[in-house]
Every structure is written in C-alpha cells, then in structure tokens.
Amino acid sequence: MPSSPMPVSTLESDAIRAVSPALARYADQTVRDDLWKRPQLSTRDRSIVTVAILIARNQPDDLPAYLDIALDHGVTPAEISEIITHLAFYAGWSNAMGAIRATREVFARRGVDPAHLPPASPPLNPINEESEAQRVAAVAKTVGPVAPGLESFTTMPLFRDLWLRPGLSPRDRSLVTVSALVANGQSAQIPYHLNKAMDNGLTAEQAGEVLTQAAFYAGWPNAFSAVPVVAAVLGKRAK
Amino acid sequence: MPSSPMPVSTLESDAIRAVSPALARYADQTVRDDLWKRPQLSTRDRSIVTVAILIARNQPDDLPAYLDIALDHGVTPAEISEIITHLAFYAGWSNAMGAIRATREVFARRGVDPAHLPPASPPLNPINEESEAQRVAAVAKTVGPVAPGLESFTTMPLFRDLWLRPGLSPRDRSLVTVSALVANGQSAQIPYHLNKAMDNGLTAEQAGEVLTQAAFYAGWPNAFSAVPVVAAVLGKRAK
Amino acid sequence: MPSSPMPVSTLESDAIRAVSPALARYADQTVRDDLWKRPQLSTRDRSIVTVAILIARNQPDDLPAYLDIALDHGVTPAEISEIITHLAFYAGWSNAMGAIRATREVFARRGVDPAHLPPASPPLNPINEESEAQRVAAVAKTVGPVAPGLESFTTMPLFRDLWLRPGLSPRDRSLVTVSALVANGQSAQIPYHLNKAMDNGLTAEQAGEVLTQAAFYAGWPNAFSAVPVVAAVLGKRAK
C-alpha cells in the first residue's frame, strides 16, 4: 500500500486554490490529514463508503480519484465491479452507467485484466432461508398489493441473485447499501439495511463513522438527518 | 414501430462488460427482455416514465438512448418538447436545460422539423373550474401566507397555462409528474398528483408498474419509499 | 450594474427554442422579466440563492450564467469563493469541486485577481458563546452517542471556523444554507437554519421569496415541501 499523499479530487490543489484558498486548506488539513486517518474506519472501508456515495449521488467527475484510493488500499477491481453492479439497483441504472464510464478509464489506465472481473453468473452464496422467508412475507404484504412487478423483481434478481453474488462480502455489500441510503437522505430504508449490515459484521462504531464520512461527501444535512434513524437502530439492538 | 433490440444506455454492451459482465447480463436479461416487455405498461408509457425520471434526476448522459426508444414507440417530438417544458417546473429549471442540450442533438439527428413542435402560446384546453377553485383555495390557505409569490406563480403560469397546453394529454402530463416525484423521493407531493393522474385515466395497475419501472431507473429505495404513499391513495379511492 | 438582458442559462434562446418554443417564452417572460424583477428579494440575493441551489443540486452546467449575474449585481468574487467553501460542507465535497471547475473559468474570463480571494486562515469573527454552548449541548446529546467524529467536526471546523469566516456575512451564509436545504428537500434541517438566518437579519418576506425562487430552480415539489416547515418556524417566531 503506497503512502503517497491522497488527492481528494481529480482537481489539482492549485485549481482549488485559484477559487478558494480556504477549501484547499480544508482539503489538506481536514479531509486528507484528519478525516481519512481516523482509526474508527479503515482507509479501505472509507474508500468503499466514498465510492458508493459518489455513485449514489451521480458524481462521476471525482470518482477516478477515489477509485485510485480504493484500489491502492486493498479494494480489488472485482469488488469495484460488484459495487457498481449493486448500486445499479440501489441508486439507479443511470448512476451505474456513469460509474462504468469513469471506471472503464481507471481500469484501462491501471491495466486491469478483464479476466479478473467477476463472471456474469457465478455460483452463488447460499441464502439464509429463514430471514429470506421473513423478507418475502413482509414485501408480499406491503409491496405486493400495490406493485406486483416490484415485488417479483425484489426477489429475483435482487435478493436471490444480486445479494448472493460472492464477489463482494455481505458485510461490504451492506456497507455500500447503507452509504448510498445516507448519501441520498433515504432514511426510511436505513433501518432494514443497517440491521442487515450489523448482522453481517458492521460495528456500531463503524456505523457512526460512516455518518462522519458521509457528512463530508454527501453534506452535513444528510448525515444529520440519518443520526436519529441510526440511533434508533442502535438503541433497539442494545436491548 | 421497429423491433430492433433496445439499448438501455448510450454505452455499448461491450463497455458495460469491460467493468461488469454481470451488469451487462442484467441489462439484457432483466431490463431489456423482462422489465420493458411487461404488459402492465406499454413501451410508450415506459419510455415516458423513464425519460421523465432521467430528466428529474438530471441524468442527461443516457437520455438520447431513451428518447430514441420513446420516438420509436409512438411518443411524438411535440410530446417530448412538452415533457421537458413541464419538468422545467416540476424538476427544476436547470434539469430542463440539460434535457434541451441532449434532445436538441437527437432532434437534429432524426431530422425533426421545428414546425412540428408545439407553439409557444397555443389555444389552451378548457380548465375544470371546480377542481381549480379547490386547488386555489388550498394553496391560498397553505402557501399564500408564507410565499405569496409562489402562490401566484402556481396559478399562472402553472395551472392556468402549463397544465392546459394541448401538446401533451392531461393523463400523460400527470404520468410525467408522478414519475418525477417518485424519482426524487418527494413523497409528500405524490397523493395530490397521483389522484389527478388517476382522475385523468391512469389505472391502479399502471401506477404500480410506474413504481416497478422507477425501481430500476431511480433505484429501489425511491420505489420502496413511494409504496406506502401509493397504497394509501389507492386505498382511499377504492372506498 | 449593467441593465443588459439576463440570460437564464448558458444555453442560447435559439437552442431552447429548437426543442421548446414554450420554454423559451417562459424563460423570457416568466423567469427573466417577472421572477427576477420581483422586489421582495434583490437581484443580488436572488443570484446568491440561485448559485447556492445549482451548487447544492450539483448542476454546474448553467452555473457560469448565474455567476455572471451575481458578479454583475454586487456579489464579490470573495463572496463567491466563500459560498462554494460553505457548500462543500452543506452540500457535499464533490458539489464544491464541480463548482470550482465552473467558477475557475468564470474568474479567469473576468480577470479576477487571486489576491482578492479570502485567505485560507483569516482572523475570524467573534463567536456568540451563548448560542454556541446551546448548539454544542444539543449536538452532544443527539449526535455524540452515535457519531462522535461527526460531533467533533461539527464543532471544528464547522461552527468554530467556517461559520466565523468574515468573507461572507452571517446573514448571507445562512441564506446560502437555507437555499441549499430547500433545494435538496432536506426539511428536517430547515428550522434550525431558518431561525439562525432570521436571527441574522433575513426577513419573513425574504424567506418566502427564497421559496418562490427555489420553486423555479429546484422544482415546485421541493418548494411546496418546504412551505409547512417554513410556516411553522414563522408561526413560532411571531408569538
């Protein structure tokens, strides 16, 4: 893992300074030297959270800078591929297409071998039939009467294919999902996915640090709006 | 109407595959061959919903691909022109400007005759004075005391000009509006416009299928957040 | 201050007309000649609101047109610099980067002297220790137990550095913040910041007119969703 200074944008520091010397200072001191070095979340996890936020908010311009950080700190091209595929469903199809445009160039520049990407239809992880049965029953009750197509696609391909793909660990898949929800202020969907993330190994400290990272990359208001929702989940689980 | 395979992005399949073979498979099998062929909503309606979602979410990069689907399946250039004009008010002025940039090139490529676009000030459809009086009273009570300018512009040009333009049917205008609201998670505004849409001819089955289409193009969380709101509207109307 | 016609997009009128003659009419009659000339908010304030909305919604394409309006009507390059820096925190880091890209070209075209930009670390305005103590206590109670990192960064650099920078008046800083919150439908965060804005000099009439301006640039649904929140704040303050 290189120890080179991490750029926090595809923009050069001089370009930032030409409009805002203050923002160039915050970029170096607050974002690069403080936020990214906090031990509550690894650089690898921070890069996953940040890549997910940028894709979820459809901001591909800076994506190459953060894909480089991710690939330099242990995220594999295969995992990047799965993150984008996952967010096609959780952030919107065209968000994924924008991410593909940016990532294709990064992969080409770094000489990523297409043979190392996850196959279209790999053998899947086993499903937890008990929790899946609960999910199916809940969606059948709420979504089924209104949008049977949505109910059907939520089962296949979402929960019986996408979520079972082995190229990204369930914990990281949940981390990506929660990051995307916080990034877009979609509080109503956070409890289900945060519980799933914590069932899959995300700690309460890491969950709080995801909000901290999101404050910078999705703005303070989205992070603050997520706080009471996350607090409620943590409170219930502590009982 | 051509039966040629519909591309689901301005990106080529090979470009998608270079980053995610899985996403290229979902593009072909799930989106193109399954979602778009479901009979609950016509290809024409799906293309209107998708174009509205992309404009509402300010994602013009893929817009040309979906404008082509729309124009190949019965949506006229005049209707496209009205959809963009409508969304200038319901999605934001700059979203419409982005859509103009993309659409101008599609119209030029397809040789759309400017004489076929709706005039700036056509004779308007008659207004339903009874429902308009109710709307005026409601807005005067809620918006008037806070933002008299907003109250005024909501009457003119919004409800006494834009909504009465004959270039897009009231049902399609409502379909565009509901799609934009779902696309941006603006649940509070869905009941009024979904009721208006159903008064104008949108069926409950079609409303549910709009959510299904929106799940793919605006992401699962936005579709799921809209479900209880749509369910409440359908429940009240069923009584 | 020039009296030249204000363009409402970087697009030429002819380009708009080539897709929608109606939208070109609305651009001239409704937006330029009506909205922007309403006396409830100065052209300077409208340009600040609109620039903030475009940055908050990550729509840099039209930003140059509105930066020109701002700079032609009394907003200084130093204030533009501070607005972008402020929104890096309130709208997201990458939104600010996009704004930097657009603004750098405008500054270069207009020959803005970098020596006139606010320094990275100027002497700060004094803090109101009483209201700051209240804020610290509230955040310690709600955010602290969930995300201690977020609590810490909210104090420094947010409230003990960014908000005290003298390059943008507290009233204008609040105007930018409220505009960004309305622009992204972040209603939960509006009461705190609208109260702060009004404490800093924003009038009730101006607050309502911010919603009117936001209706056009962030879409009617975001403006309407903010109305009851703003009404509640105004109602409490009137007591």
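In this predicted model, chain B and chain C meet across an interface in which 42 residues of chain B are in contact with 47 residues of chain C. The area buried between these two chains is about 3,700 Å², and carbon and sulfur atoms give 67% of that area. On the side of chain B, the residues that lose the most area to chain C are B:W93, B:V146 and B:F153, which together account for 22% of what that side buries.

Between chain B and chain C the count is 2 salt bridges, and in one pairing the side chain of C:R25 meets that of B:D161 in a salt bridge, with a distance of 3.1 Å from N to O. The count of residue pairs in polar contact between the two chains, with both residues at pLDDT 80 or more, is 19. The elements of chain B that give two or more residues to the side touching chain C are helix 5 (77–90), helix 6 (93–110), helix 7 (129–142) and helix 8 (148–159). Of the elements of chain B, helix 6 gives the most to this side, with 10 residues.

From here the reader can turn to the contact between chain C and chain A, to which chain C gives 42 residues and chain A gives 47 residues. Chain C and chain A bury about 3,700 Å² between them, with 67% of it on carbon and sulfur atoms. In chain C, the residues C:W93, C:V146 and C:F153 lose the most area to chain A, and together they make up 22% of what that side buries. The count between chain C and chain A is 2 salt bridges, and the side chains of C:D161 and A:R25 meet in a salt bridge at 3.0 Å, N to O. There are also 19 residue pairs in polar contact between chain C and chain A, counted where both residues have pLDDT 80 or more. On the side of chain C that touches chain A, two or more residues come from each of helix 5 (77–90), helix 6 (93–110), helix 7 (129–142) and helix 8 (148–159) of chain C, and helix 6 of chain C gives the most, with 10 residues. The residues on this side of chain C divide into 25 nonpolar, 13 polar and 4 charged.

The arrangement of the copies can be described by superposition. Chain C can be laid on chain A with an RMSD of 0.0 Å by a turn of 120 degrees, together with a shift of 0.0 Å along the axis. The two copies are therefore related as by a three-fold rotation axis. Only 2% of the interface residues of chain C are also interface residues in chain A, so the copies meet through different surfaces.

Chain A can also be considered on its own. It has 12 helices and 0 strands, so that, read from the N terminus on, the elements of chain A run α-α-α-α-α-α-α-α-α-α-α-α. The C-alpha atoms of chain A fill a box of roughly 55 × 45 × 30 Å, taken along the principal axes. For 239 residues, a compact globule would have a radius of gyration near 18 Å, and the 18 Å of chain A agrees with this.

Terms used
Residues numbered from 1 in each chain as written. Chains lettered and ligands numbered in written order. Predicted model: local features only at pLDDT ≥ 70, side-chain atom pairs only at ≥ 80, totals over all residues. Heavy atoms only, no water. Contact = heavy atoms within 4.5 Å. Buried area = accessible area lost by both parts, 1.4 Å probe. Salt bridge = Lys/Arg side-chain N within 4 Å of Asp/Glu carboxyl O. Polar contact = N/O pair within 3.5 Å; in protein donor to acceptor, adjacent residues only side chain to side chain. Helix = DSSP H or I, 4+ residues; strand = E, 2+ residues; numbered from the N terminus. Least-squares fit on C-alpha atoms with pLDDT ≥ 70 in both. Rg over C-alpha atoms; globule rule 2.2 N^0.38 Å. Nonpolar A, V, L, I, M, F, W, Y, C, P; charged D, E, K, R; others polar.
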